[in-house]
Amino acid sequence: MSATTSTTVGEGSVARLPRRTRAGPTARLAVLAVIGVDLAILIGGFVLSPMQVVELGPHLLAWTAAAAVVGLAAIQTPAGPQLGMDMPVLLAAGYLLGPLPAGLIAFAGYVDLREFRGQIGIERALFNRSQTSLSVMAATGVFVLLGGSTNIVPGAAIAALVAVGIDCVVNFGLVAGVISLHDGVPPGLSLSRLRLGSVLAFSMTYGCFGLLSLLLSEVYGVLGAWGLLLFVIPLVLARQALASAEQLETTKKRLVLQSSELSKATDRVADERRDERLSVAAGLHDDVLPPILKVHLLGQVLRQELASGQLLALEEDLPALIEATDIASDTVRGQIRSLRDSALGTQGLAKTLQL
């Protein structure tokens, strides 16, 4: 897999993250430096050994076409950058042909559909090609230095794993570094935006892809260019597996977020219910109970007056009893009305569900 940036430096933010002041010029300088170093290596290598490139012409064309076809299966990450599936093809080319031819294949065979759609500019396109080329040349160069040979399986496997690690460090380091400079975010956050699925699953997949490059080099040695066509099948299957893993990871994160929000809403509903019960109790105690108690007391007074035959006093206290009864009745109705119009009632339920 090869990581690539998602927007041209200076043309927009890679993700919705704050950008530091003056981060754009620094990131652009880094992009131009990567492009310049890669082109200097490729051009210098061609000038020093042009016959090697000419002699490998048919092989270069076959591997470049294979890299271009596999490049169409790139996976777009949710944060913006995309991951290409061409790493096994490029490493296998480097194991067989050498670092410089592999760098040329990576630079010439890089395909990004966003270029044809006009979504990225020439500067960003050259950077993606250059950083991929540099990572492949560094990885295959280490493979050669370690004495790696596709004919010696144990030694080749160890050398291939080391080469995969170098490819990962250079590729992801350059991309994450530019993203970090462009957006003004820590490098660790930039790296997390380039990963698909969990760290363990992503590392295992990356390592298996590196070993897969050994198999591809053997298939090419036996079947030639036709072997490249057959090798597209496992790469497509791997691409689907990675895409499914990313969808599962994204779904998992969404479920965790939704569960957290639902828990917060449940806690808030419980708090509102508790506050509502306390409010009802306070209203009954402060507003409803006093007028009812007054009615009770006036009723006792009228009873005594009636029993003692004090009709004049009875006539004077009866309006007070009726007034107290009306007040108590109005107070009870007010409490009932407040319960119907509470935050969890018919008018507040929609807001609670939205929360």
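## Helix 5

Helix 5 is largely enclosed by the rest of the structure, because 8 of its 11 residues are buried (buried means under 20% relative accessible area, exposed over 50%, and partly exposed in between, with a 1.4 Å probe and protein chains only). The buried residues of helix 5 are Leu 100, Pro 101, Ala 102, Gly 103, Ile 105, Ala 106, Phe 107 and Gly 109. Helices (H or I, at least four residues) and strands (E, at least two) are DSSP runs, numbered from the N terminus.

The model is predicted: local features need pLDDT of at least 70, side-chain atom pairs count only at pLDDT 80 or more, and totals for chains, interfaces and linings use all residues. Residues are numbered from 1 along each chain as its sequence is written, and side-chain values use heavy atoms, with hydrogens and water left out.

## Helix 5 against helix 7

The axes of helix 5 and helix 7 come within 8 Å and cross at roughly 155 degrees. Axes are lines fitted to C-alpha atoms, for helices over the stretch in contact, and angles run from 0 to 180 degrees between N-to-C directions. Helix 5 and helix 7 are therefore roughly antiparallel to each other (angles under 35 degrees count as roughly parallel, over 145 as roughly antiparallel, 65 to 115 as roughly perpendicular and the rest as oblique). Their crossing is right-handed, a term used if the near helix is turned clockwise from the far one by less than a right angle, with anticlockwise giving left-handed.

On the helix 5 side, the contact (heavy atoms within 4.5 Å) is made by Pro 99, Leu 100, Ala 102, Gly 103, Ala 106 and Phe 107. Helix 7 contributes Leu 126, Arg 129, Ser 130, Thr 132, Ser 133, Val 136, Met 137, Thr 140, Gly 141 and Val 144. By class, the residues of this contact divide into 9 nonpolar, 6 polar and 1 charged. Ala, Val, Leu, Ile, Met, Phe, Trp, Tyr, Cys and Pro count as nonpolar, Asp, Glu, Lys and Arg as charged, and the others, Gly among them, as polar.

## Helix 5 against helix 3

Helix 3 (residues 57-71) packs with helix 5 (residues 99-109) at an angle of about 45 degrees, and their axes are 8 Å apart. That angle makes helix 3 oblique to helix 5. The crossing of helix 3 and helix 5 is right-handed.

Leu 60, Trp 63, Thr 64, Ala 67 and Ala 68 of helix 3 make the contact with Pro 101, Ile 105, Ala 108 and Gly 109 of helix 5. This contact has 7 nonpolar, 2 polar and no charged residues.

## Helix 4 and its partners

Helix 4 (residues 87-97) is mostly covered, with 10 of its 11 residues buried. These are Met 87, Pro 88, Val 89, Leu 90, Leu 91, Ala 92, Ala 93, Gly 94, Tyr 95 and Leu 97. Gly 98 follows helix 4 and has a positive phi, near 115 degrees.

Helix 4 and helix 7 pack at an angle of about 45 degrees with their axes 9 Å apart, and are therefore oblique to each other. The crossing of helix 4 and helix 7 is right-handed. In helix 4, Leu 90, Leu 91, Gly 94 and Tyr 95 meet Thr 132, Val 136, Ala 139, Thr 140 and Phe 143 of helix 7. The contact of helix 4 with helix 7 has 6 nonpolar, 3 polar and no charged residues. Ser 213 counts as buried, at 0% relative accessibility.

## Two loop residues

Leu 72 lies in the loop between helix 3 and strand 2 (75-76) and is partly exposed, with a relative accessible area of 49%. Leaving aside neighbours within four places in sequence, Leu 72 is in contact with Val 111 and Leu 113. Leu 72 and Leu 113 are 41 residues apart in sequence and 7.1 Å apart in space, C-alpha to C-alpha.

Gly 147 lies in the loop between helix 7 (122-145) and helix 8 (153-183). Gly 147 is exposed, with a relative accessible area of 54%.

## The whole chain

The protein chain has 13 helices and 3 strands, and buried residues make up 40% of its 355 residues. Among contacts between residues at least 6 apart in sequence, 74% join residues at least 24 apart.
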